[in-house]
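Subject: Structure handover, with notes on the helices

Hello,

Here is the structure I said I would pass on.

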Amino acid sequence: MSPSFELLPGAGDSPVILHVPHSAREIPAEVRAGIVLDDPALERELDHIVDAHTAEIAARAAELAGVTPWRFVNRLARLVVDPERFPDEREEMLAVGMGAVYTRTTHMEVLRAEGHDPEPLIERYFRPYARAMADAVAGRLAATGRAVIIDVHSYPSRALPYELHGAGPRPPVCLGTDSFHTPPGLLAAARGAFGAGVGLDSPFSGTYVPLEYYGTDPRVSALMVEIRRDTYMTEPGGPAGPGLERLADALAALVTAVPR
């Protein structure tokens with residue numbers, strides 16, 4: 001089995017971590033055994049749920065940025081565990097069967113059998129990922145005095161049934177913010193980098209910050225970048241198009257705008 005995640009080093013004086021949690025499709029055999037979908041249905045579900053090509057966007061942006069950011073990339077599908085969920089009752093997506101371990105699909109079909117125990121997957125995959133991401137943040141704090149997490153996601157042009165807040169605007173780029181961890185300067189830099197068509201906190205809001213720092217450490221800044229998929233790829237789950245390069249340029253501009 002390939003590693004569950006990878007930290008790709010950037011410049012020693014860069015505070016930026018590009019976090020790519022949902023780009024992979026790989027599911028280990030022992031995890032696949034607990035998913036009730038047949039193979040064609042599972043592939044269709046991955047087409048809908050995976051943030052396809054976001055790892056490529058982040059990699060290209062890292063090459064183009066004035067100062068190379070660090071990258072933390074999930075190498076397993078979010079159907080194994082979703083590292084961005086709360087692992088407990090705080091997670092609002094539990095209401096639709098999409099906590100840290102999903103039991104329902106994007107179309108609200110059964111993914112795992114009723115009574116499935118999520119704890120083995122949380123222990124095997126979720127907690128090591130969370131510890132490693134917290135360590136990556138600690139490394140940037142030690143080296144630069146701060147950490148800036150830019151979460152790289154994508155979302156479909158049309159709302160899927162699982163979305164709790166899918167009725168709002170679906171702009172080409174949605175910036176997800178946190179009242180504690182998203183400073184005005186970072187948000188302004190993102191607006192400048194992505195230009196026209198940027199929306200705020202719709203259809204998705206919030207940011208990812210390791211729980212050790214969440215809501216307590218102002219040295220950790222965070223912003224979620226949600227890219228509407230029809231702007232750079234064929235939906236669902238199809239190939240990337242020329243929009244990918246344009247978005248990588250914009251993400252690189254955001255990284256470069258973050259002062260050292």
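Predicted model: local features only at pLDDT ≥ 70, side-chain atom pairs only at ≥ 80, totals over all residues.

Helix α5

Helix α5 runs over residues 184–194, and its buried residues are L186, L187, A189, A190, A193 and F194. Looking down the axis of α5, these buried residues fall within an arc of 160 degrees, so they line one face of the helix. P184, G185 and G192 are exposed and sit on the other side of α5.

Helices α3 and α6

Helix α6 also meets α3, which spans residues 54–64. Two packed helices are described by the angle between their axes and the distance between the axes. Here the axes come within 8 Å and cross at roughly 55 degrees. The two helices are therefore oblique to each other, and α3 passes α6 in a right-handed crossing.

On the α3 side, the contact is made by E56, I57, A58, R60, A61 and L64. On the α6 side, the residues are L244, E245, L247, A248, D249, L251 and A252. By class, this contact has 9 nonpolar and 4 charged residues, and no polar ones.

Regards

Key. Residues numbered from 1 in each chain as written. Heavy atoms only, no water. Buried < 20%, exposed > 50% of the residue type's maximum accessible area, 1.4 Å probe, protein only. Helix = DSSP H or I, 4+ residues; strand = E, 2+ residues; numbered from the N terminus. Arc of directions from axis to C-beta. Axes fitted to C-alpha atoms, helices over the stretch in contact; angles between N-to-C directions. Parallel < 35°, antiparallel > 145°, perpendicular 65-115°, else oblique. Left-handed = near helix turned anticlockwise from the far one by under 90°. Contact = heavy atoms within 4.5 Å. Nonpolar A, V, L, I, M, F, W, Y, C, P; charged D, E, K, R; others polar.
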